[in-house]
Amino acid sequence: MTLPPGKMGLPILGETLAFFNDPEFAPKRFSQYGPIFKSRILGQPTIFVKGSQANQFVLLNEPERFTVSWPPSTQRLLGPCSLSMQQGHTHRSRRQILAQAFMPRALAGYIPTMMSILERYGDRWCQSSPLTWYPELRHLTLEIACQLLVGLENGSQTSLGKNFEGWTAGLFSLPLPFPWTAFGKALRCRQQLIAEISSIIDHRQSTEDRTDDPASDALGLLLKAEDDQGQRLSPTELNDQILTLLFAGHETLTSGLATFCLQMAQHPAVRHRLRAEIDQQAQDPLTLERIKAMPYLEKVMQEVLRFTPPVAGGFRQVVQDCQFETYTFPKGWQVLYQIAATQSDPSLYPNPDTFDPDRFESEPIAAVPKHGYLPFGGGIRECLGKEFARLEMKLFAIHMLQTYDWQILPDQDLSLTITPTPAPKSGLKVHFCPRRP
């Protein structure tokens, strides 16, 4: 066997601490070893890969050569019934059921609720300016997720919201189950979250069985949704699936919105051009069709997700010895395919460190290989709620640019922390005010 270059670090621990604490962990090693290197993360020998061909090799060879893999802390906290953990027929069946909450008809029904919450938050931010925006964006996305996924109003202010924050803080941590560790605290928060979600489901089941009204949120749809064999999700499985959807509809979205806010403040020409398109096209009531009629908005969002993808990469487990290029991937090892490193590859994206929405004109982007742009992952596990996320980001952009202005305050650290998703270290401090006529 010819293993990739690299070093395994300390026994058992490997290079785990550097992986969690150094945002440049992978870029430094790619620079030293090339597009494939080995390390040891969370006790597991791990091969890091970047580039469209490597991504394609990993993503299109599941389940024959690779299977989904997550750090131990993430597996325990998401739960065994989470779609992220399921495989084979069970994964396909559950994905088919959950997809019904993200069909175009369902998405269209979510627009009024999203806009109502955006309006309320925008008015509050004006009154609170100057403010640290990132924590506020977390509250916003959690409130939208709670309202549209489980029908819970003001979710960020409830006990569910507080437990959710403690739970997410331990998702990607060392799996030490002591009461004072992030993981130990997250385990307790998970228990309370499951109890609250279970109570919501029990109440909704008793009411949904007595009505034929169309559902106004994802839970209402999922309580009635069936796969092609007529199977529904059990209450126990719904707990883990709803918790997974809340995470997917909150954590990564917050990161994407923060990137948009930061880039619009730093690139006034892009902001001006996008605002002009929105002013011309964004007529009430907003519909999916009207949003699709904004091509520059689409390019801006594509560049936001390329420039700082909310998920930097994905884990897979090698289930069969296999060969890629000149290297062997041994059975039992982990593979971590790199989204961020691929989307900053200058061979795919000229001047990758420049924020340039026009790189997504139809002809240039056609030259990028399919697996060279994958902010929502790819293969059979591509993000199920990607259209929900894209819709929320576009509505946010439309409402913010139509109605408000913001400027970044000086003397703050705008570099990114990366666990679990990219976020400005200083929390993105801004002056936020109504848009001047």
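Student: Hi! At what angle do helix H8 and helix H11 pack?

Tutor: Helix H8 (residues 159–169) packs at an angle of about 80° to helix H11 (residues 235–248), and their axes are 12 Å apart. That makes H8 roughly perpendicular to H11 (65 to 115 degrees; under 35 is roughly parallel, over 145 roughly antiparallel, the rest oblique). Axes are lines fitted to C-alpha atoms, for helices over the stretch in contact, and angles run from 0 to 180 degrees between N-to-C directions. Helices (H or I, at least four residues) and strands (E, at least two) are DSSP runs, numbered from the N terminus.

Student: How should I read this model?

Tutor: It is a predicted model, where local features need pLDDT of at least 70, side-chain atom pairs count only at pLDDT 80 or more, and totals for chains, interfaces and linings use all residues. Residues are numbered from 1 along each chain as its sequence is written, and side-chain values use heavy atoms, with hydrogens and water left out.

Student: Back to H8 and H11: which residues meet there?

Tutor: From H8 come Phe164, Trp167 and Thr168, and they meet Leu243, Leu246 and Phe247 of H11. Contact means heavy atoms within 4.5 Å. Five of these residues are nonpolar, one is polar and none is charged (Ala, Val, Leu, Ile, Met, Phe, Trp, Tyr, Cys and Pro are nonpolar, Asp, Glu, Lys and Arg charged, the others, Gly among them, polar).

Student: New topic. Which residue does UniProt list for "binding site"?

Tutor: The unreviewed UniProt entry lists Cys383. Positions follow the numbering used here, feature names are shortened, and annotations may be inferred rather than shown by experiment. Cys383 sits in the loop between helix H17 (362–366) and helix H18 (386–403).

Student: What does Cys383 touch?

Tutor: Not counting residues up to four places away in sequence, Cys383 touches Arg95 and Phe376. Cys383 is partly exposed, with a relative accessible area of 27% (buried is under 20%, exposed over 50%, partly exposed in between, with a 1.4 Å probe and protein chains only).

Student: And where is Cys81?

Tutor: Cys81 is in the loop between helix H4 (72–78) and helix H5 (88–98). Its relative accessible area is 23%, so Cys81 is partly exposed. Apart from neighbours within four places in sequence, Cys81 contacts Gln86, Glu237, Asp240 and Gln241.

Student: Now sheets! In what order do the five strands run?

Tutor: The order is E1-E2-E8-E5-E3, in an open sheet with mixed pairing. Two strands pair if DSSP finds at least two bridges between them. Strand E1 (36–41) and strand E3 (66–68) are at the edges with a single partner strand each, so one side of each has no neighbour in the sheet. From one strand to the next, the twist averages 35°.

Student: How many bridges join E3 to strand E5?

Tutor: Three, and E3 and E5 (residues 313–318) run antiparallel. For example, Val68 has Arg316 in E5 as its bridge partner. Helix H3 (residues 52–59) packs on this sheet, touching E2, E3, E5 and E8.

Student: What about the sheet with three strands?

Tutor: That open sheet has the order E4-E12-E9 and antiparallel pairing. Strand E4 (131–132) and strand E9 (404–408) are the edge strands. Five bridges join E9 to strand E12 (residues 429–434), and Gln407 has His431 in E12 as its bridge partner.

Student: Which strands does H18 touch?

Tutor: H18 packs on the sheet and touches E9 and E12, with its direction at about 90° to that of E9.
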